[in-house]
Amino acid sequence: MTISSALNAGVSGLSANASSLAAISDNIANSSTSGYKRVETDFQSMVVGSSGGRYSAGGVSASNMRLIDQRGPLVGTNNATDLAVSGRGMLPVASLTEVQGDNGTPTMLMTTTGSFRTNDEGYLTTASGLVLLGWPANPDGTVSDGPRDTAEGLEPVQYNMNQLTGEPTTTVGLGVNLPATDTEAGSAGTVRNMTVEYYDNLGSSQTLGITYTPTVPATGSSNEWTMQITDSASGGAVIGEYTMTFNDSRAAGGSLASVTAISGGAYDPATGSVIVNVDGGPMEINVGMIGESDGFTQLSDTFAPASVTKDGSEVGTMVGVEVDPQGYLRANYDSGASRVIYKIPLVDVPNLNGLKSLDNQTYLPSSDSGSYFLWDAGDGPTGEVASYSQEESATDVATELTDMIKTQRAYSSNAKVIQTVDEMLQETTNIKR
């Protein structure tokens, strides 16, 4: 009966607009929730058709969809581990309960932002119990990336703020000018000395003793020096001895001409370095390239250790961490040292709006979203990691209130249709009187 279809259409209108109002109320309630993605209600008409000159109302249905691909604005904070994603991609996280349960690999969840802080076990976690996941760094600070299409290689980010660390020195660069006048006939042949501090494998301070002895010829200039290196950690033993000659041509005067090993590792002209063995292991010492003035030179009458560069650091206490735009989590120490301890990838799927929504602004891949892939931050389609930042809610309250007014009007109109149909049916029942 046509009048009955009008009643059903009115009832479906009430149901659809009630669903829309529920979505609007959820959006408004979460207008201050960091990383919240608004829900949008889509209405579809249902057509039953008509026959014999009579029309039957089909009514309306409503479906809700969370717009995960819509991002809220980023706001700055004063916490280095408040993280958001500037662009496409999500942070990998896991439930703290699963991590602490230690029942195998925890389920990887996805979120666009989080205020992470260390808990009593050192896990970098949010107040809602989400732990950040990443690939752990090797002792030398390099990261061996895990598989990209599975979360098997990811581990909960965990570190100890009271941790002590020291980095051994493995590379030393020397920039020294040796006096050309010392290699001339009749000179005093003064031996020049310098010391270079380095850090051993336990973070203790050690020294390299370096002496430069000129070769004094009977006539003319030799332009030749003997460099001897001793190691305090080896009881002052000689660990390397080299003969260095210098150019005296107009075009390349003062630059290195050759480096010949008497003891210690051979000179590598491709890198300008020699390898010597201190007590804790091999150490690379850069003396400069042949024909260049980037390391050792022989000019004028001045002995000048112009520059000494080295890696490594003394023992220091961790004072904080920071995350760079490429997702590298670095620990900073009071000694001035900094080293990578984790690398945070960004997760992406073909259809973000197909992800399954869970509590605490987290998501799971589904058949609608497609398979996920772990990208390096800033690589491929993904954006960069923004530290000292959080993503605000994607809800625009003014828009939601406007939609609420329209929904209220539509709901009232459908209620009026039901009231009218009721009155018409009442008239029909009164015909027999």
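1. In this predicted model, strands β18 and β19 form a hairpin with 5 residues between them, and Gly235, which lies in the turn, has a positive phi of about 75°.

2. Two of the facing positions can be named: Met244 stands opposite Val259 in β20, and Phe246 has Leu256 of β20 as its bridge partner. Of the 10 residues of β19, 7 are buried, so the strand is largely enclosed by the rest of the structure.

3. These strands belong to an open sheet of 5 strands, with antiparallel pairing and the order β16-β17-β18-β19-β20. Because β16 (192-199) and β20 (256-263) stand at the edges and each has a single partner strand, one side of each is left without a neighbour in the sheet. From one strand to the next the twist averages 20°.

4. The largest nonpolar core has 27 residues, and those with the most contacts inside it are Leu174, Tyr212 and Phe296. At least two residues of this core are supplied by each of β15 (171-178), β16, β17 (205-214), β18, β19, β20, β21 (273-278) and β22 (281-286). Leaving aside neighbours within four places in sequence, Leu174 is in contact with a set of residues including Met194, Val196, Ile210, Tyr212, Ile285, Phe296 and Val308. Apart from this core lies another, of 24 residues, among them Val85, Val323, Ala331 and Ile341.

5. The count of salt bridges comes to 14. One of them joins Arg148 and Asp376, with the closest N and O atoms 3.0 Å apart, and it links distant parts of the chain, 228 residues apart, since Arg148 is in the loop between β12 (130-136) and β13 (155-156) while Asp376 is in the loop between β31 (373-375) and β32 (384-386).

6. Asp376 also meets the side chain of Lys343 in a salt bridge, at 2.9 Å from N to O; this pair, too, links distant parts of the chain, with Lys343 in strand β27 (residues 338-343) and Asp376 33 residues away from it in the loop between β31 and β32. Is Lys343 buried or exposed? Its relative accessible area is 5%, and Lys343 is therefore buried, the cut-off for that class being under 20%.

7. Helix α3 (residues 397-429) has 33 residues and reaches 48 Å from its first C-alpha to its last, close to the 48 Å expected at 1.5 Å a residue. Its buried residues are Glu400, Thr407, Asn414 and Val421, and what covers them includes α1 (2-29).

8. Within α3, Lys406 forms a salt bridge with Asp403, the closest N and O atoms being 3.7 Å apart; because the two residues are 3 apart in the helix, they are separated by about one helical turn. Lys406 counts as exposed at 54% relative accessibility, whereas Asp403, at 22%, counts as partly exposed. Elsewhere, salt bridges that share partners join Asp145, Arg148, Lys343 and Asp376 into one network.

Conventions
Residues numbered from 1 in each chain as written. Predicted model: local features only at pLDDT ≥ 70, side-chain atom pairs only at ≥ 80, totals over all residues. Heavy atoms only, no water. Pairing = 2+ DSSP bridges. Helix = DSSP H or I, 4+ residues; strand = E, 2+ residues; numbered from the N terminus. Axes fitted to C-alpha atoms, helices over the stretch in contact; angles between N-to-C directions. Buried < 20%, exposed > 50% of the residue type's maximum accessible area, 1.4 Å probe, protein only. Expected span 1.5 Å × (residues − 1). Contact = heavy atoms within 4.5 Å. Core = buried A, V, L, I, M, F, W, Y, C linked by side-chain atoms within 4.5 Å. Salt bridge = Lys/Arg side-chain N within 4 Å of Asp/Glu carboxyl O.
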